[in-house]
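Trainee: I have just opened this model. Could you walk me through it?
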Amino acid sequence: MIRVENLHKAFGAQRVLQGVSLEVLSGEIMIVIGRSGGGKSVFLKHLLGLLHPDAGRIWVDGVELTQLRGRALDQVRERYGVVFQGGALFDSMTVFDNVAFPLREKTTLSAQEIAARTEEKLAQVGLTGMGHKYPEEISGGMRKRVAIARALVTEPEIVFFDEPTTGLDPVLVNAIHHLILDLHRKFRFTAVMVSHEIPEIFQIAHRVAMLHEGVIVETGDPQAIQGSANPVVQQFIRGEIEGPIRAT
Amino acid sequence: MNRGTAPALLHPIESLGRVSLDIVESLGRFGLFLGQAGAWTFVPPFKVGQLLQRIHFIGFRSLSVIVLTGAFTGMVLGLQVFLTLERFGSEAFLGPAVALSLIRELGPVLAALMVTGRAGSALTAEIGIMRITEQIDALTVMALNPMRYLIVPIIVAGLITFPLMTAMFDVVGIFGGYLVGVRLLGLSEGTYFGEMRTFVDMADIMTGFWKSLSFGVIVTWVCAYKGYYTGHGAEGVSRATTQAVVLSSVLILVWDYFLGSVLP
Ligand SMILES: Nc1ncnc2c1ncn2[C@@H]1O[C@H](COP(=O)(O)OP(=O)(O)OP(=O)(O)O)[C@@H](O)[C@H]1O
Ligand SMILES: [Mg+2]
């Protein structure tokens with residue numbers, strides 16, 4: 001279980017997180033929605049230990065992440081899989097090597113076993129036969145899928161997705177969502193996912209949280225969010241121009 | 001809150017204090033960077049593959065530049081020193097004059113400057129791009145220390161390649177001096193190399209060696225650091241690259257003077 005308590009973060013005078021509190025239960029798929037530039041990626045980076053909060057605390061299964069450094073922090077990260085918003089693929093390596101990389105570095109599997117698992121993951125994201133290409137030789141959507149394959153290849157317990165489907169065509173969005181659900185059924189990982197895919201996310205989320213103006217304004221299962229009485233949530237999920245959120 | 005908004009002139013003491021703090025902080029970070037890299041160098045597992053790749057990049061691929069500049073430096077030295085010595089009737093000392101200038105000063109310094117231009121700037125850009133595209137963050141969250149994975153191989157490769165590049169520069173340069181002095185201007189071959197053997201001793205070679213070794217650390221340290229802490233976007237990377245080259249070059253010359261005055 002991940003517990004976030006009263007997280008604050010400012011960059012200079014810009015206050016991005018102003019008291020975020022959230023609980024993510026073990027094995028659930030939690031989807032965070034919110035406006036572009038609202039601090040969702042910044043929030044995820046705190047969960048990854050890449051950014052340190054100005055105030056507030058984060059626990060991952062009872063250990064206080066915000067107190068950890070070095071080895072101890074890495075021990076928590078060993079259980080993570082991460083899909084960065086931009087993919088963050090290693091551009092000096094081929095697609096195959098990118099996906100094989102965590103297995104080569106973190107496990108003692110044989111080369112054949114690594115190749116087999118890598119090919120399997122590439123097939124699952126629909127990229128069979130693309131292994132020899134370099135990241136700059138494939139499309140943006142393909143890069144996203146490589147990043148997903150790389151994050152899941154080690155079968156992590158906790159997976160963070162930062163907009164894994166943004167920029168993909170609708171068929172692929174559904175394919176990726178199904179893949180995530182499938183793998184989730186198999187491995188029961190905990191997922192924290194940032195996504196703008198409304199309404200598709202309501203099919204896969206166990207719970208949805210909305211981050212707005214630096215705080216979580218509402219958390220609930222998909223029905224509760226869709227039927228929310230909060231005008232901010234309503235305006236956001238319907239994409240209306242008129243309302244409490246100003247389209248600036 | 002009003003940090004940076006008040007004109008510096010209105011609060012001279014305050015802004016002076018802030019600038020000093022910033023300088024001290026970045027100096028501290030700069031030193032810490034090398035300290036951390038140094039500490040991780042001795043923690044297994046060692047990234048041998050990465051190291052070989054870096055040696056190839058910093059060393060092997062700089063060879064043509066080194067040979068070219070080394071040859072011409074030697075030839076220029078051969079010509080100029082010959083013309084000077086001729087006035088005193090002591091052309092016989094051309095060999096040691098060329099060899100000593102190369103081995104003690106020009107070899108280490110010019111080789112380091114050339115490698116900075118060819119490989120150092122590329123290293124900064126590469127690491128800077130890895131930073132802004134979150135590849136370094138990706139390494140970090142895979143629990144792979146980017147210091148160990150990325151930076152240590154670069155600095156160790158600098159330690160290994162710079163002395164070798166410098167030796168190459170010296171040898172080619174001495175040969176360039178030979179071409180001009182002996183083949184072109186008619187000094188005897190025996191004099192050129194014979195006097196060299198008499199006047200160049202181990203202390204001179206060690207001076208050059210220590211210089212090149214420390215330049216190897218300075219260049220890779222500065223270039224890796226500038227890339228690692230690059231600013232935002234493409235502009236940040238290009239600024240980091242420029243700064244890396246300028247700072248490396250300045251430090252090479254300053255450190256050369258310092259070593260020149262403490263080493264025998
Ligand atoms: N390292 C940083 N330094 C300074 N400001 C930052 C940094 N990272 C993020 N910010 C700022 O924090 C704000 C939130 O950024 P963030 O990337 O979290 O938005 P987001 O919710 O992920 O948006 P999107 O949906 O477009 O990805 C932005 O205004 C951004 O400029
Ligand atoms: Mg984002």
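Trainee: Which residues of helix 1 of chain B meet helix 8 of chain B?
Mentor: Ser26(B), Arg29(B), Phe30(B), Gly31(B), Phe33(B) and Leu34(B) meet residues of helix 8 of chain B, including Trp221(B), Tyr225(B) and Tyr228(B). Contact means heavy atoms within 4.5 Å, and helices are DSSP runs (H or I, at least four residues) numbered from the N terminus. The model is predicted: local features need pLDDT of at least 70 and side-chain atom pairs 80 or more, while totals for chains, interfaces and linings use all residues. Residues are numbered from 1 along each chain as written, chains are lettered from A and ligands numbered from 1 in written order, and side-chain values use heavy atoms, without hydrogens and water.
Trainee: And at what angle do helix 1 and helix 8 of chain B pack?
Mentor: The angle is about 120°, with the axes 10 Å apart. Axes are lines fitted to C-alpha atoms over the stretch in contact, and angles run from 0 to 180 degrees between N-to-C directions.
Trainee: How many aromatic pairs does the structure hold?
Mentor: Over all chains there are 17. In the edge-to-face pair of Phe30(B) and Tyr225(B), the centres lie 4.8 Å apart and the planes at 65°. Rings of Phe, Tyr and Trp (its six-membered ring) pair with centres within 6.5 Å; planes under 30 degrees apart are stacked, over 60 edge-to-face, the rest tilted. Phe30(B) in helix 1 and Tyr225(B) in helix 8 of chain B are 195 residues apart.
Trainee: Are those two buried or exposed?
Mentor: Phe30(B) and Tyr225(B) are both buried (under 20% relative accessible area, with exposed over 50% and partly exposed in between, using a 1.4 Å probe and protein chains only).
Trainee: Why is the pair of Phe33(B) and Tyr228(B) tilted?
Mentor: Because the planes of Phe33(B) and Tyr228(B) are at 55°, with the ring centres 5.5 Å apart.

Notes: Helices (H or I, at least four residues) and strands (E, at least two) are DSSP runs, numbered from the N terminus.
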